[in-house]
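Student: Hi! Could you walk me through this structure? I'd like to start with the metal site.
Tutor: Happy to, let's take a look together.

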Amino acid sequence: MTQGPPRELPVFDSSLLHLVARLVPVGDREEWGRAWQAELWHMRHPRHKGGRPSRRGIADLAAGLVLDGWWLRVESWRRKFSGTAFLCLSTLFSLNVLSGLGILLLESSWRFGTAPLAADFQDCLVASPLVLLVALMTNSNRHLEQSTRRGLRLSLRFFFFAQVAEVLLLAFLLSASLCLPIHRTFPNISDLLQMLCFVCLALMSLRWAIRDQEQRCKQCLRSLTKPTRIGRPSHNLLEWNGMELMCKNGHGQLSVPEIETSWCQSSEWIDLNVA
Ligand SMILES: [Zn+2]
């Protein structure tokens with residue numbers, strides 16, 4: 001005995017499937033739709049005659065469908081933006097906005113006024129180039145850029161300056177939010193403490209920014225992945241000893257020496273995408 005053609009899904013199921021399919025990335029949408037259509041059809045048409053799906057079963061499957069579609073969307077965003085310069089700058093920008101909102105909240109409760117904030121900002125603006133100079137001078141791994149093209153060098157520098165500006169602003173906002181509440185009671189101590197906090201935070205965040213810059217692809221500016229230890233410490237003078245990192249898009253490879261030697265003094269970027 002042959003079975004008839006499969007019956008249609010109820011309106012709720014087909015509407016939910018259609019709606020959630022918009023969340024799913026285009027490349028996965030067709031296969032995802034077929035898989036979930038089959039799941040829903042089996043739930044609505046059980047083998048046993050008279051068997052009906054329970055409300056809890058319908059709700060569980062609907063929740064699973066939505067979560068699966070959402071997970072695929074989040075995963076595609078993660079693959080697309082993970083390690084990118086855009087994500088780095090956006091995260092720093094969000095932290096700056098949150099810190100600024102924190103200062104506004106503190107001001108509304110402690111009433112320290114905007115004058116000390118502006119004075120501290122001017123002091124930090126003067127101190128910033130010195131802090132940046134110290135961070136650059138104390139950085140041990142200076143990267144060689146001879147292999148990168150002019151346009152790429154410009155985008156690297158733009159990203160570096162944007163990152164430095166954002167981390168310095170974040171260091172100022174965090175130091176101000178820590179010290180300004182005591183400004184009305186101890187103005188001098190508050191100013192001194194704020195500058196100390198700013199210098200410490202700025203040095204730490206600038207060292208992170210410089211290290212982050214070094215360990216990015218010189219073409220797509222993504223963070224390099226797959227750190228691999230190469231060589232042995234006992235062979236430092238005769239063989240390569242250090243860490244190698246790759247761009248996940250295959251643009252190049254960064255070799256970072258463990259110890260600076262006369263023939264290998266700094267990190268080296270090898271462009272694998274040269275035509
Ligand atoms: Zn790359």
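Student: What arrangement do the 4 donor atoms around the zinc ion have?
Tutor: The arrangement is tetrahedral, because the 4 donor atoms subtend angles of 103 to 115°. Four donors count as tetrahedral if all angles lie between 85 and 135 degrees; four count as square planar and six as octahedral if opposite donors are over 155 degrees apart and all others between 65 and 115, and anything else is irregular. For four tetrahedral donors the ideal angle is 109.5 degrees.

Student: Which residues coordinate the zinc ion?
Tutor: Cys-217 (SG), Cys-220 (SG), Cys-247 (SG) and His-251 (ND1) do, at 2.1 to 2.3 Å. Donors here are N, O and S atoms within 2.8 Å of the metal (3.2 Å for Na, K and Ca), and sites may look incomplete since water is not among the atoms. The spacing of these donor residues in sequence is C-x2-C-x26-C-x3-H.

Student: Where do Cys-220 and Cys-247 lie?
Tutor: Cys-220 is in the loop between α7 (187-214) and β1 (225-230), and Cys-247 is in the loop between β2 (242-246) and β3 (252-257), so the pair ties together parts that are 27 residues apart in sequence. Helices (H or I, at least four residues) and strands (E, at least two) are DSSP runs, numbered from the N terminus.

Student: Are those two cysteines buried or exposed?
Tutor: Cys-247 is buried, with a relative accessible area of 4%, while Cys-220 counts as partly exposed at 26%. Buried means under 20% relative accessible area, exposed over 50%, and partly exposed in between (1.4 Å probe, protein chains only).

Student: Before we go on, what kind of model is this?
Tutor: This is a predicted model, where local features need pLDDT of at least 70, side-chain atom pairs count only at pLDDT 80 or more, and totals for chains, interfaces and linings use all residues. Residues are numbered from 1 along each chain as its sequence is written, and side-chain values use heavy atoms, with hydrogens and water left out.

Student: Good to know. How many disulfides does the structure hold?
Tutor: It holds 0 disulfides, a disulfide being a pair of cysteine sulfur atoms within 2.5 Å. For Cys-124, the nearest cysteine sulfur is that of Cys-179, 9.8 Å away. Cys-179 is in no disulfide either, and its nearest cysteine sulfur, that of Cys-197, is 4.1 Å away. Cys-179 is buried at 1% relative accessible area, and Cys-124 is buried at 2%.

Student: Zooming out, what's the overall pattern along the sequence?
Tutor: The protein follows α-α-α-α-α-α-α-β-β-β-β, with 7 helices and 4 strands. Buried residues make up 36% of its 275 residues.

Student: Where does UniProt place the "transmembrane region" feature?
Tutor: The unreviewed UniProt entry puts it at residues 81-105, 117-137, 158-180 and 192-210. UniProt positions are given in the numbering used here, feature names are shortened, and annotations may be inferred rather than shown by experiment. In the model, residues 158-180 are 96% helix and 0% strand, with end C-alpha atoms 32 Å apart. Residues 192-210 are 100% helix and 0% strand, and their end C-alpha atoms lie 27 Å apart.

Student: And which residues have the most contacts inside the largest nonpolar core?
Tutor: Among them are Phe-159, Phe-172 and Phe-198, in a core of 29 residues. A nonpolar core is a set of buried Ala, Val, Leu, Ile, Met, Phe, Trp, Tyr and Cys residues joined through side-chain atoms within 4.5 Å. Helices α4 (85-110), α5 (115-137), α6 (150-179) and α7 each supply at least two residues of this core, and α6 gives the most, with 12 residues.

Student: What does Phe-172 touch, leaving aside neighbours within four places in sequence?
Tutor: Phe-172 is in contact (heavy atoms within 4.5 Å) with Leu-117, Asp-120, Phe-121, Cys-124, Gln-194 and Phe-198.
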